[in-house]
Every structure is written in structure tokens, then in C-alpha cells.
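Here's a quick briefing to read alongside the model. Have the viewer open and follow along by topic.

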Amino acid sequence: MVDLLIRTFIKNYENTADRAVRTAYGNLACIVSVVCNLLLFAGKTAVGTLAGSVSITADGMNNLSDASSNIVSLVGFKLGSRPADSEHPYGHARYEYLAGLAVSVMILVIGVELLKESFVKVLNPTPVQFGWLTVAVLIASILVKLWMSLLNRKIGRTIQSETLMATAADARNDVITTATVLVASVLTFVTGIDRLDGIMGLGVAAFILYSGIQLVRDTIDPILGAAPDPELVEHIEKKALGYPGVLGIHDLMIHDYGPGNRLVSFHIEMDAKGDVMQSHDVIDTIEKDLLVQDGMIATIHYDPIVTGNAHVDEIKDFLRQEVARLEPKANLHDLRIVPGPSHTNVIFDCAVPAEYLTDKQRRGAKLVAALRASVQQKWPDHFCVIKLEPEYAPSVHMEK
């Protein structure tokens with residue numbers, strides 16, 4: 001049924017890389033969600049008022065907040081679809097992230113209000129009227145919310161939208177919330193303890209607050225510049241290593257300017273003895289393929305490396321074993337040696353998790369000292385010149 005709905009309202013629905021198609025997906029999900037939530041709000045508010053149940057009314061207010069959130073998401077998709085201009089050369093796709101954050105804050109506000117109302121109901125309980133209409137409305141709400149969760153998850157995954165994935169999670173949570181309200185109504189009727197309604201209302205409010213906090217964290221991460229998805233990092237690395245002459249990659253950075261709008265930069269290691277023009281052509285091909293096939297604008301730096309030097313290879317192997325032993329999360333690259341009359345400089349970069357540069361344990365500095373000591377113990381006339389840098393995209397550091 002979800003696929004049929006999408007096919008009915010979206011032409012060329014498979015071309016999700018197209019901005020217009022992506023926006024149509026988002027609009028469909030938001031409009032359907034608004035309509036469903038408004039209907040649920042009207043039904044629950046009417047039943048809750050007639051029954052004198054604060055937990056049912058609270059659940060209805062939650063649906064109203066969801067409808068408001070869907071409207072905000074709809075505006076976010078509309079603004080995010082605007083093309084790039086001179087003031088915003090990277091586009092406006094981050095509006096979707098801002099919309100998701102606004103939705104999360106609205107959920108928190110509703111949760112606080114419901115918490116206050118339920119607390120009053122616990123202190124001053126009032127009789128709750130039970131009826132089969134109440135049960136029917138709550139069961140219908142559970143079924144509708146399950147379907148909405150499936151719809152938003154399906155579309156969210158299709159267009160890689162954090163906003164719709166958050167909406168799907170919220171709908172799933174509403175299923176749990178409404179089921180709790182249904183249980184409260186039955187228990188209140190069976191036991192005659194009117195205070196149970198307020199207690200269940202507190203539980204609903206607490207769950208809404210918890211969900212809101214989680215959604216705030218999920219939606220604010222991409223705005224702050226969260227680490228990229230490891231699967232995306234691995235995909236880029238595997239893709240680059242699949243081209244002829246590429247020996248390894250490092251210094252990968254992924255800049256997220258909104259769903260479907262990413263900029264990528266990294267260094268590619270190629271044999272210094274290879275033809276420069278051929279290497280340049282390979283790099284151009286990788287950049288073009290990343291844009292056409294993955295929708296990512298890539299800037300690649302060419303790093304020629306010396307191959308076939310037995311001593312350099314020996315030092316590399318030794319240092320990699322040391323890094324694996326001392327700090328598996330670290331990575332070294334750009335290694336070269338500069339022989340001299342009295343000593344040999346071993347020069348390389350060492351990338352570590354960003355927190356290693358500033359934490360009180362001084363893990364970055366200790367790793368550098370340990371690597372220097374290990375090299376000098378094995379080769380007394382070798383001195384390490386190490387540049388310690390943050391790892392912006394933690395990866396498996398694959399090499400051919």
C-alpha cells in the first residue's frame with residue numbers, strides 16, 4: 001500500500017537524485033502525516049473530553065504537535081529545495097536539518113505541558129468514563145500510526161532524509177504511547193482508581209520528553225558537523241581504490257551541506273614513477289564518477305609515493321605494527337626518509353581521533369613519543385619527524 005501511494009502521486013519516483021523528485025517525496029510524506037494526525041487529534045480530543053481522561057487528551061495533543069511538526073517539515077523541504085545562489089553557493093538543503101530541529105523542540109514543549117497537566121490530575125483525580133468508543137478510537141490510532149511509521153521510514157530511507165526518519169521514529173513511539181493510554185483506560189475502569197489516568201499521563205509525557213531529547217540530538221548532529229557514516233567512508237575508499245594506479249587514500253573529509261549535497265576531499269597515493277598525465281587523468285575520472293554516480297563534489301590531491309625502496313618498506317611495516325599495537329585507531333601516511341651524514345629523518349603524518357589532541361591523557365602526544373622511541377631503538381641513527389593531525393573521517397584505511 002505504501003508503494004502504491006508513492007507511485008500514484010510521484011512521477012518518475014525512482015529518480016531520487018533529482019531535487020524535484022526528492023522534494024515531491026518529502027511533500028507527500030508530510031501532507032499525509034498532517035492529515036492523519038489532525039484526524040487522530042480530533043477523535044482523541046473528543047473522546048478524551050467526553051470520558052474526562054487526561055491521558056487520552058494528552059495523547060490527542062501529542063497528535064496535534066505531530067501535525068504542527070509535519071507542517072514545519074513541509075516548509076523545510078520547500079526551502080531546502082531552493083537552488084544555489086551567489087549568497088549560498090552550496091544550496092539550501094540544510095533547511096531540512098533546521099526543520100528537524102524545530103520539530104524536536106516542539107515535541108519537548110508539548111511534553112512539558114503534558115507533564116504539568118498530568119501532575120495536576122494525579123494530585124486531584126477526577127472520574128474517568130469508560131466506553132467502547134474510546135477503545136475503538138485508540139485501536140484505530142495505533143493502526144494508523146503503524147502505517148505512518150512505515151510510510152515515513154520507507155520514504156526517509158529512499159531519499160536519505162533525517163527529518164522523515166525522525167518522523168517515522170516519532171510515529172513508532174506514538175504507537176507505544178497510545179497503547180499505554182489504552183491500558184490506562186482499561187485499568188481505570190477495572191480497578192476504579194481514577195488516579196491511574198494521571199499516572200499514565202505522566203508516563204506518556206515522560207516518554208514524549210525522552211523522544212524529544214533523542215530527536216534533538218539526532219537532528220543537531222549534522223548541523224554541528226558530526227562524523228560521517230562509516231559505510232559512506234568505506235564506500236568512498238573502496239571506490240577510489242578500484243581505479244588503476246591508486247595505492248591508498250588518506251585525509252578524507254566529508255562536508256555535509258544537507259541531504260544529497262556533500263563535498264568530499266581526500267589525498268590519493270600513486271606511484272611516483274608513474275606518468276603524471278595518466279595519474280591526473282585517473283584522478284579526474286574518480287572526481288567525475290563520484291559526482292555522477294554518488295552526487296558528491298570531490299576534490300582530490302595527488303600524492304606521489306616512492307615504491308620499491310626496501311628500507312622504506314621495512315620502516316612502513318614496522319611503524320604499522322607499532323601503531324596497531326599502541327593505538328589501533330591511529331593511522332600513518334605520507335612516509336618518506338631523508339638520509340644524512342649523521343642521521344636519517346623519518347618523516348610522516350599520524351592521524352588520530354580528534355579528542356586525542358586535547359584530552360587530559362595526552363594520548364596523541366604519548367603515541368608520538370612512543371613511535372619515536374620505537375624507531376630509535378631499532379635504528380639508533382633514525383629520528384622521527386611526526387605531524388600529529390585529527391582524523392576527520394575514521395575509516396579502515398584500506399590499501400592495495
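**Salt bridges, cores and one loop arginine**

At 16% relative accessibility, Lys239 falls in the buried class, where buried means under 20% relative accessible area, exposed over 50%, and partly exposed in between (1.4 Å probe, protein chains only). Before going further, note that this is a predicted model: local features need pLDDT of at least 70, side-chain atom pairs count only at pLDDT 80 or more, and totals for chains, interfaces and linings use all residues. Residues are numbered from 1 along each chain as its sequence is written, and side-chain values use heavy atoms, with hydrogens and water left out.

**Salt bridges**

- The whole structure holds 7 salt bridges, each being a side-chain nitrogen of Lys or Arg within 4 Å of a carboxyl oxygen of Asp or Glu.
- Lys239 is in one of them, paired with Asp294 at 3.4 Å, N to O.
- That pair ties together parts 55 residues apart in sequence, because Asp294 sits in helix 9 and Lys239 in helix 8; helices (H or I, at least four residues) and strands (E, at least two) are DSSP runs, numbered from the N terminus.
- Asp294 is partly exposed, with a relative accessible area of 28%.
- Glu234 bridges to Lys238, with the closest N and O atoms 3.1 Å apart.
- Those two are 4 residues apart in helix 8, so about one helical turn separates Glu234 from Lys238.
- Glu234 itself is partly exposed, at 32% relative accessible area.
- Over in helix 10 (residues 310-326), Arg325 and Glu322 are 3 residues apart, about one turn of the helix, and their side chains meet in a salt bridge at 2.7 Å, N to O.
- Are the two partners buried or exposed? Arg325 is exposed, with a relative accessible area of 56%, while Glu322 is buried at 11%.
- As background, side chains of opposite charge can pair when their charged atoms come close.

**Nonpolar cores**

- The largest nonpolar core has 22 residues, and those with the most contacts inside it are Ile236, Val246, Leu252, Val264, Phe266, Ile268 and Ile286. A core here is a set of buried Ala, Val, Leu, Ile, Met, Phe, Trp, Tyr and Cys residues joined through side-chain atoms within 4.5 Å.
- Two or more residues each come from helix 8 (230-241), strand 1 (246-256), strand 2 (262-271), helix 9 (276-294) and strand 3 (296-305).
- Helix 8 gives the most to this core, with 5 residues.
- Apart from it lies another core, of 20 residues, including Val312, Phe318, Leu319 and Val323.

- Most residues other than glycine have a negative phi.
- Asp251, in strand 1, has a positive phi of about 55° although it is not a glycine.
- Asp334 also has a positive phi of about 55°, and its place is in strand 4 (residues 331-339).
- The relative accessible area of Asp334 is 23%, which makes it partly exposed.

**Arg94 in its loop**

- Where is Arg94? It's in the loop between helix 3 (54-80) and helix 4 (95-123).
- Its relative accessible area is 36%, putting Arg94 in the partly exposed class.
- Leaving aside neighbours within four places in sequence, Arg94 is in contact (heavy atoms within 4.5 Å) with Asp256, Tyr257 and Gly258.
- A polar atom of the Arg94 side chain lies 2.6 Å from the backbone oxygen of Asp256.

Technical notes: Polar contact = N/O pair within 3.5 Å; in protein donor to acceptor, adjacent residues only side chain to side chain.
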